[in-house]
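Thanks for coming, everyone. Let's get the structure up on the screen, then walk through it together.

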Amino acid sequence: MNQGIDLQGSFIRAMVDLGFSPGVAKTLWLPLPMGVILVAATVSIFVTVWLERKISAAAQQRIGPEYAGPLGTLQAAADGIKLIFKEDITPAKADPWLFTLGPAIVVIPVFLSFLIVPFGQNMVITDIGVGIFLWIALSSIAPIGLLMAGYSSNNKYSLLGGLRAAAQSISYEIPMALAVLAVVLMSNSLSTIDIVNQQSGYGILGWNIWRQPAGFLIFWIAALAECERLPFDLPEAEEELVAGYQTEYTGMKFGLFYVGSYVNLVLSALIVSILYLGGWEFPVSVTWISGLLGISETTPWLQVITAAIGIMMTVFKAYALVFIAILLRWTVPRVRIDQLLDFGWKFLLPVSLVNLLLTAALKLTFPVAFGG
Amino acid sequence: MVMKAAADKNSILAPGEMLQSPAAPPSVTHDLSENVILTTVDDLYNWCRLSSLFPMLYGTACCFIEFAALIGSRFDFDRFGLLPRASPRQADLIITAGTVTMKMAPALVRLYEQMADPKYVIAMGACTITGGMFSMDSPSAVRGVDKLIPVDVYIPGCPPRPEAIIDAIIKLRKKVATESMQDRAYTMQTHRFYQRAHKLKPVPPILTGKYLQMGTHSSPPKELMESMGMPVPSALAEKTAHEETN
């Protein structure tokens, strides 16, 4: 197996050579990947908001943001800075503690989930054994924040929006977890690195989407519902609920919900690309090409190229999915709340259970193809 | 905009009196912000606010049809970074599209109070400037929305075309561009409506399905059944007889 580039190892070795103890070197290393990922996640908001507004404009034959920076690229920055400086209103009869805590509880788990997103063999903050399970656990914290925000606002629309958001998140978490379980069954590991490695070696043919087509669709639908994207944006349905649980929020507290929803979309797209689209794998196996050309896998320049391709492929796959999500949002109508819950409990849940059982049966029958 | 009375003796104002709506922005902090590095911060701050003026989805009459055309693909105000918001808490700008009646007036003031500072008002159409064609004999139209809330830009027309709204938005952007961060203390709203707690109490469900199971829904009326030659259920006949005696 190609171990790829190991930045952490190289950094610690260099620091030890400079005279630091290994413990100090490790401590110096730790904040670096975290900072890089935080900055990358924040930049992804700007990119996604710009894409959203430009693609929505294209879908409606409009131009979209035009004057804020070249092609409107600075639109999200202008919105963000404006929101920071806007007056922060807490409604007089609202519960100030819950009102302030709500947006934070929604946003923090989303950023925390980037801990387990790998961009390469060693390009991950921490490769913990429970990897993908940690993400599922963290994503179920968000509904508590939404419920807090809706309940503390002292507004009927907020309360309805918060209840809808909680009901929706809880309903769609179960099919999503079952779809993940089917993938985990094949890779024999919860670690995101192992899940990608299990798909590698055969290029595009080895990706999980061919072994788990139903699981891929279930996961994508459930992920859209978790992100509250159209066709499942009932918690914020403007025509019914003003702005749902965000109704009473101004300034940066509203901005936090905005940030949370877009980072969550990017995160979901990254997780889909890791679970089903081979993560950092190039459509043609790089190992196979280097073998064909007779270049050793441990050649330094090849390792750098492989790492660069890995990061680019992960981000590219994620943004292809973000593009599909945006296009879906601006082309499909919203479902009703009863249709949403019916679909979640009466259709997605049985289908994902059958998918799980089928995967288990196939694993026993064809252990070669389904990770025996 | 409010300005402290100048200390010189030629002033028409009494000492300590505030001048309302001066022709120029206050010059007290002006020199400081012109000459010190703050000017760049001001520029950035103003640019951010003028680039993302979120208008509120508010419309009371025919002017909103023109405003709605502005949202659509032909005129597209998203080019200026305007993103319509349904909640006043997240809006920076209210375009009063349409006649405001006495009944709507408290609601409009309340919506304005609920918006977070800094906030702007564009009065759109003749009705919101003077009452328009309702200014002569209407018992209910408010004669100009500036009697209720402070207006930044007026758009004449009945109704104004979407291009006129774009012009107003550009004028408002120019106005925002000349503001200073230090004037915020003057322009911030201090007194707002209080909010009362919702008295939420459970009510029995109304959609129980019993309405359709009522006797009158399961069988036709007695007279109709008799005339059709259908047997009248004894319960129905007794019930009608009982009702007749009452």
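A salt bridge here is a side-chain nitrogen of Lys or Arg within 4 Å of a carboxyl oxygen of Asp or Glu. Keep that cut-off in mind. One caution: this is a predicted model.

Now an example. R53(A) forms a salt bridge with D78(B). Their closest N and O atoms are 2.5 Å apart. How many salt bridges are there between chain A and chain B? The count is 7. The interface also has 18 residue pairs in polar contact.

Which parts of chain A supply the side that touches chain B? α4 (75-85), α8 (156-187) and α13 (251-275) each bring at least two residues. α4(A) gives the most, with 6 residues. By type, this side of chain A divides into 17 nonpolar, 10 polar and 11 charged residues.

Next, the interface as a whole. On the chain A side, 38 residues are in contact with 41 residues of chain B. The area buried between the two chains is about 3,200 Å². Carbon and sulfur atoms give 55% of that area. In chain A, K82(A), K86(A) and E87(A) lose the most area to chain B. Together they make up 19% of what that side buries.

Last stop: K119(B). Look in the loop between α4 (105-114) and β4 (120-124) of chain B. K119(B) is buried, yet has no salt bridge. The nearest side chain of opposite charge is D117(B), 4.6 Å away. What does the K119(B) side chain reach instead? The backbone oxygen of Y112(B), at 2.9 Å, and the backbone oxygen of M115(B), at 3.2 Å.

Conventions. Residues numbered from 1 in each chain as written. Chains lettered and ligands numbered in written order. Predicted model: local features only at pLDDT ≥ 70, side-chain atom pairs only at ≥ 80, totals over all residues. Heavy atoms only, no water. Helix = DSSP H or I, 4+ residues; strand = E, 2+ residues; numbered from the N terminus. Buried < 20%, exposed > 50% of the residue type's maximum accessible area, 1.4 Å probe, protein only. Lys, Arg positive; Asp, Glu negative; His and termini not counted. Polar contact = N/O pair within 3.5 Å; in protein donor to acceptor, adjacent residues only side chain to side chain. Contact = heavy atoms within 4.5 Å. Buried area = accessible area lost by both parts, 1.4 Å probe. Nonpolar A, V, L, I, M, F, W, Y, C, P; charged D, E, K, R; others polar.
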